[in-house]
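Please read the points below with the model open beside you.

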Amino acid sequence: MADIHYGATLTDFFAAAVTRFPQHPATYFAGQTLTYSELDARVEAAAGALREKGVCPGDRVALLLPNCPQHVVAFFAILRLGAVVVEHNPRYTAHELTPLLAHHGPRVAIAWEDIAPTVSAQVETTISVSLTEPLPLSGAPVEPYPATLADAALILYTSGTTARPKGVVLTHGNLAANCLQLETQAPLRAGQERFLAALPMFHSYGLTMSVLLAVRCAAEIILLAAPHTDAVTAALAARRPTWMPGVPTIYERAMNYAATAADSESPSALGGVRYSISGAASLPSRIIDPWEAHTGGMLVEGYGLTETSPVLTINPLDDTRRAGTIGLPLPDTQLRIGDPANLSRTQPDGVAGEILARGPQVFGGYLADAPATAAAFHEGWFRTGDMGVREPDGQFRLVGRINEKIITGGFNVYPGEVEEALSSHPDIAQAAVVSTPRSDGSEDVAACVVLSPGARLNEAALREHCRGLLAHYKVPQRFFAMDKLAGDQLGKLRRRDVRRDLLARLHRD
């Protein structure tokens, strides 16, 4: 077990990067670079201006920005005052945003100019930001607030399996711990790495893995306002990032784009990425080998949740990694598989149950929601809501969400297992497994699939493929070709939404 010395806060990470590597590139965006010294000067000016607008320690400041240097500046300026960053999707509608702002009650918001009018109707002070101009905040220097590990640093809203979003409160200690844990998994070189920040900063995965960890090792952060395939591929070819967090669709689309782009005729167009980390959705094994052949680096899968800052497990970045698993718990992280009938009991290896977690990266509770907080823990263990299996070698495997379990013929079927089997077929680009109701009140296993280019739906072939990999009761009884599958902004499947779309289609038919 790695010996990690916890104690530094996120503001300590930033101060150390500025002190040790003042002239090293900190951000790269749209052809422009800021050094850590220049970034610090902008953070200082923004913090001073926010103080003049009345922001005090403990206040919540809403951020609604795409990935850009202004976002990084605002984030650390808020922390410098001892205030709390509340991240929101800058493309939310007023309907989506209004209840969230009302819940956490910010007096100040910093918003992308496209959404600023929507925000200003609900917040006392709204600062509009253009992506082509520096952050419009400048004030006198302020004395940095000496944050503690217990101080709240970030609030992120997550709906999980409920319709009502909950505010996940993450402390400096939670987020810093996750960075220190991740640092033990790869030999990141201080002042020498280049991180690709294609995933949104308003999502815990993108924020921790692309920005906070980057600041911890004084890396250059290559910021993309949106993870469009052409922009990702151009950044890989031109800036040669060494560390890339992503989701399976980003990796697959980047390879396909690079193979067809006129200026990307060789695998070297994607070369240089030493470590690629995949999360938010199951990583099909068919992506791993070609990605590693193109880049010369490694691609491994990890697992986590917003409530865990977010990473709980990751596959080893060496020859012991295993496709199809989410890897091993990070240092100082405990995972066990709880018996759904009695969570105090741990399931034996190979038997599915709920994944329970403990560790310094696990949050303490939801904002102003004691009932939800109480329901999220069992005897001090965080209930992930995910069903998983611990293998005899200690690796963990996901099989689906608890409330997405399908009961067919008296047997339990977990969608993740079936989706993995389907995704290994060359005709399947993406799969989601859901239930459809039978007239007798039981359920059928239904596979909604996006076909690979040029492929046609062949139910008999897919069913035979699944029979070679799964017990008979897990093989889908019904198959449906879909143009796309419902997902969140990272591409993570929303099975309940896929099922809703499928049932609506069956009703029309």
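1. A residue is called buried when its relative accessible area is under 20%, exposed when it is over 50%, and partly exposed in between, using a 1.4 Å probe and protein chains only. By that rule D3, with a relative accessible area of 63%, is exposed, and D3 belongs to the segment before helix α1 (10–20). Although D3 and Q181 are 178 residues apart in sequence, their C-alpha atoms are 9.7 Å apart in space.

2. This is a predicted model, in which local features need pLDDT of at least 70 and side-chain atom pairs count only at pLDDT 80 or more, while totals for chains, interfaces and linings use all residues. Residues are numbered from 1 along each chain as its sequence is written, and side-chain values use heavy atoms, with hydrogens and water left out.

3. Helices (H or I, at least four residues) and strands (E, at least two) are DSSP runs numbered from the N terminus, and two strands pair if DSSP finds at least two bridges between them. Seven strands form an open sheet with mixed pairing, in the order β6-β5-β3-β4-β7-β8-β19. Its edges are β6 (125–129) and β19 (365–366), each of which has a single partner strand, so one side of each is left without a neighbour in the sheet. Within this sheet, β7 (residues 152–158) and β8 (residues 166–171) run antiparallel and are joined by six bridges, with Y157 opposite G167 in β8.

4. Helix α3 (residues 69–80) lies across β3 (60–64), β4 (84–87), β5 (108–112), β6 and β7, and runs at about 145 degrees to β4. Contact here means heavy atoms within 4.5 Å, and such angles, from 0 to 180 degrees, are taken between the N-to-C directions of axes fitted to C-alpha atoms, for helices over the stretch in contact.

5. An open sheet of three strands, also with mixed pairing, has the order β25-β26-β27. Here β25 (428–437) and β27 (478–481) are the edge strands with a single partner each, so one side of each has no neighbour in the sheet. On average, neighbouring strands of this sheet are turned by 25 degrees against each other, direction ignored. Nine bridges pair β25 with β26 (residues 443–451) in the antiparallel sense, and V433 stands opposite A447 in β26.

6. Strands β9 (residues 194–197) and β10 (residues 220–223) run parallel and are joined by four bridges, with A197 opposite L223 in β10.

7. A nonpolar core is a set of buried Ala, Val, Leu, Ile, Met, Phe, Trp, Tyr and Cys residues joined through side-chain atoms within 4.5 Å. The largest one has 126 residues, and L50 and I110 have the most contacts inside it. Leaving aside residues up to four places away in sequence, L50 touches several residues, among them V55, A77, I110 and L137. A second, separate core of 16 residues includes V418, A421, V449 and L470.

8. Which residues of helix α12 are buried? They are P415, G416, E417, V418, E419, A421, L422 and S423. Because eight of the nine residues of α12 (residues 415–423) are buried, the helix is largely enclosed by the rest of the structure.

9. A disulfide is counted when a pair of cysteine sulfur atoms lies within 2.5 Å, and by this rule the count is zero. The sulfur of C466 is 13 Å from the closest cysteine sulfur, in C448, which is too far for a bond. C466 is buried at 0% relative accessibility, whereas C56 is partly exposed at 37% relative accessible area.
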